[in-house]
Amino acid sequence: MANWRRLSHFQVITCTFILVTTAYLQAETMKRWWGMILAVVTLALVFESVMSQQQNDDPLNSGCSQYNATNTLEFFRNLNTTLADLRRGITVNKTYFGTQQQARTTNPVYTMFQCRKYLSTADCVSCFDKAAIDIRRICRLANGARVIYDNCFLRYESNGFYSTATALGNTGRCNNDTITNSTASNFNLAAGEVLSNLLIATPKNCMNVAYENIKSCPPRSGARAIDAGCFMRYANTPFFASNQTTNLKKYLKGGGSSNKKAIIGGIAGGVGLLLILLALLSWYLLSRKKKVAQRGHILGSTELQGPVTYNYKELKSATKNFSEEYKLGEGGSGDVYKGIVKNGNIVAVKRLALSTTKAKASFESEVRLISNVHHRNLVRLLGCSSKGPDLLLVYEYMENGSLDRFLYGGKRGTLNWKQRFDIIFGTARGLAYLHEQFHVRIIHRDIKPGNILLDDELQPKIADFGLARLLPEDQSHLNTKFAGTLGYTAPEYALQGQLSEKVDTYSFGVVVLEIVSGRRCSDTNIESDTDFLLEYAWKLHENGMHLKLVDDTLDPNDYTTEDAKKIIEIALMCTQSPASLRPTMSEVVVLLLSDDRSLEQRPLSKPTFVHSENRIRDDSSTPPQSISNATATLSDFVGR
């Protein structure tokens with residue numbers, strides 16, 4: 001009875017409704033008098049499982065979509081089916097992780113559930129039952145939701161999300177009590193040692209984010225890092241059996257702390273046993289199961305050992321001695337070649353145009369950092385070669401090549417409106433990850449269609465992020481190709497060296513205008529020999545003639561005037577001056593998804609324009625500045 005009182009009235013009513021309704025449906029299906037009895041008994045046990053759940057009433061974290069399901073009857077029928085299948089996997093197959101989907105409907109549902117592996121099957125089922133109730137109670141009619149507990153995690157969406165590693169709502173939570181006795185210093189040392197070893201042993205972006213969220217918690221007695229992709233926890237008291245641990249020693253390979261006895265699950269810290277739980281969710285488990293895709297798409301490095309070290313001779317042979325036949329592209333940072341390695345996989349090999357002693361000394365450590373950047377909209381760095389005469393980077397291969405081919409190259413006119421929007425949205429997501437979700441803030445500095453590659457489904461992947469860290473201080477790959485104008489480079493960076501995330505935001509805005517118009521940013525308007533794309537787009541905006549900018553190869557029935565106007569105004573918002581007026585990339589992601597028409601009423605600041613003689617102009621009385629005389633101080637990465 002005590003456990004019953006812990007439930008809210010809504011939970012009791014929900015449980016009762018599920019019990020009676022499901023019992024009736026099962027009885028009707030089974031068409032036997034004992035069907036009702038069996039169903040009632042079964043669901044009564046489920047109900048009792050919820051009653052006896054020994055954990056807090058509320059989730060550690062929850063989130064609901066801001067949109068409701070369009071057809072609630074069909075959507076929640078599909079949701080109930082997937083939840084029933086997940087529960088069956090726990091009870092019958094004794095699984096701790098599972099995904100289910102009802103995708104071939106007009107209201108698809110994708111669900112995911114995971115229990116911590118230290119739970120018994122009964123406790124896992126109990127946690128699932130509570131999660132299934134709470135996720136409905138908290139989010140009601142939302143078409144997407146998640147609940148996270150110490151012991152389990154449940155999420156559903158109307159779109160596929162299984163490759164998502166992190167979410168914008170990731171957070172850390174420190175315990176309120178602090179260890180203040182004589183052993184506090186030992187505890188701090190032990191906590192820091194195990195957390196840092198975990199980070200080395202599991203080079204995953206999600207775990208990097210988790211580490212950053214709780215690394216400052218010691219000397220608090222415990223902490224939790226909560227995310228949609230992973231869960232990290234430490235405490236000064238046991239919360240799972242001591243034999244359920246993983247030895248980290250074999251994964252550290254000398255790169256961890258001096259304490260080789262550090263393990264997930266236990267380290268002597270002077271205050272008893274410090275316990276760490278590492279529970280990676282779908283994106284980690286599924287990546288182990290993914291087969292090598294045909295036509296060369298591979299995930300590459302092993303799950304725990306970071307980037308692959310390639311033999312120089314092997315890559316030289318794979319690219320036919322870096323032949324022109326295999327060349328995919330070229331740029332200031334180096335040329336890129338197609339390569340077919342020994343196992344038959346196709347990769348892209350970048351031959352870096354640098355060979356200084358300083359660059360080689362830090363090359364492998366920098367590659368290790370960049371290779372930890374994993375996101376569906378970022379090109380994966382698989383490994384490197386540093387022992388030969390050239391420094392080589394090995395990337396996953398994108399058969400469709402770069403976006404510029406589809407905008408104004410040989411594939412011009414083949415992208416429809418939806419595909420263009422998906423490319424804009426995916427690029428925004430990739431940049432938001434680099435700026436705000438990876439544990440080191442990365443500013444790309446060279447966003448342009450040539451650095452946006454397309455996979456087999458024409459989804460965008462940003463290439464060449466992090467290369468600035470590998471370049472000597474006196475060599476910038478940005479100053480090699482201005483194409484007669486500042487092009488994609490934000491004026492404050494090109495002229496004053498003022499570097500921030502808003503530099504990428506500016507470049508993104510220019511690229512969006514190119515995607516919408518199918519024109520290069522440096523091409524002059526046919527109606528004028530002075531107006532480049534950005535200035536032309538601004539004039540059309542001022543005159544309310546947005547549709548005139550849209551690529552004439554697009555089918556007018558594929559988009560509305562409102563759609564085009566919204567995208568163009570977001571692009572102009574990203575190119576405003578000063579840089580402080582530009583939105584962050586996470587704000588751009590929200591704007592792209594939002595149906596809020598108030599965007600149309602927001603005043604936009606006029607961008608800085610460029611003359612054809614490579615000179616900046618604005619409406620002030622300041623004389624125009626020459627690009628060739630400008631200097632910029634380049635910094636590499638900006639730490640959090």
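Visitor: How many residues sit between strand 14 and strand 15 in their hairpin, and which residue in the turn has a positive phi?

Guide: Five residues lie between the two strands, and Gly-344 in the turn has a positive phi of about 90 degrees. Before we go on: this is a predicted model, where local features need pLDDT of at least 70 and side-chain atom pairs count only at pLDDT 80 or more, while totals for chains, interfaces and linings use all residues. Residues are numbered from 1 along each chain as its sequence is written, and side-chain values use heavy atoms, with hydrogens and water left out.

Visitor: How do you know that strand 14 and strand 15 pair?

Guide: Two strands pair if DSSP finds at least two bridges between them, and strands here are DSSP runs of E with at least two residues, numbered from the N terminus. Strand 14 and strand 15 have seven bridges and run antiparallel, so they pass that test. Among the partners, Gly-339 bridges to Val-347 and Ile-340 to Ile-346.

Visitor: What makes strand 13 a partner of strand 14?

Guide: Two bridges, again in the antiparallel sense, and at least two is what the definition asks for. Gly-329, for one, has Val-336 of strand 14 as its bridge partner.

Visitor: Which strands make up the whole sheet, and in what order?

Guide: Six strands form an open sheet with mixed pairing, in the order 12-16-17-15-14-13.

Visitor: Why are strand 12 and strand 13 said to stand at the edges?

Guide: Strand 12 (308-309) and strand 13 (327-329) each have a single partner strand, so one side of each has no neighbour in the sheet. Strand 12 is joined to strand 16 (residues 381-385) by two bridges, and these two run parallel. Val-308 finds its bridge partner there in Gly-383. Further in, five bridges link strand 15 to strand 17 (residues 392-396), antiparallel, with Arg-351 opposite Leu-392.

Visitor: Why is Lys-350 called buried?

Guide: Buried means under 20% relative accessible area, exposed is over 50%, and partly exposed falls in between (1.4 Å probe, protein chains only). Lys-350 comes in at 3%, so it counts as buried. This lysine lies in strand 15 (residues 346-352), where six of seven residues are buried. UniProt lists Lys-350 under "binding site" in an unreviewed entry; such annotations may be inferred rather than shown by experiment.

Visitor: What is Lys-350 in contact with, leaving aside neighbours within four places in sequence?

Guide: Its contacts include Asp-335, Val-336, Leu-393, Tyr-395 and Asp-464, where contact means heavy atoms within 4.5 Å.

Visitor: What makes Lys-461 buried?

Guide: Its relative accessible area is 12%, so Lys-461 lands on the buried side of the cut-off. Lys-461 sits in strand 20 (residues 460-462), and its side chain reaches the backbone oxygen of Arg-376 at 3.2 Å. Beyond four places in sequence, the contacts of Lys-461 include Glu-396, Met-398 and Asp-455.

Visitor: Why is Thr-237 called partly exposed?

Guide: Thr-237 has a relative accessible area of 45%, which means partly exposed. Asn-236 gets the same label at 23%. Thr-237 lies in the loop between strand 8 (230-235) and strand 9 (246-247), and Asn-236 is in that loop as well.

Visitor: Which residues have the most contacts inside the largest nonpolar core?

Guide: Leu-393, Leu-403 and Phe-508, in a core of 80 residues. Such a core is a set of buried Ala, Val, Leu, Ile, Met, Phe, Trp, Tyr and Cys residues joined through side-chain atoms within 4.5 Å. A second, separate core of 30 residues includes Ala-69 and Phe-239.

Visitor: How do you know that the span of helix 5 agrees with expectation?

Guide: The expected span is 1.5 Å times one less than the number of residues. For the 19 residues of helix 5 (residues 121-139) that gives 27 Å, and the end C-alpha atoms are 27 Å apart, so the two agree. Just after helix 5, Arg-140 takes a positive phi of about 50 degrees.

Terms used
Helix = DSSP H or I, 4+ residues; strand = E, 2+ residues; numbered from the N terminus. Polar contact = N/O pair within 3.5 Å; in protein donor to acceptor, adjacent residues only side chain to side chain.
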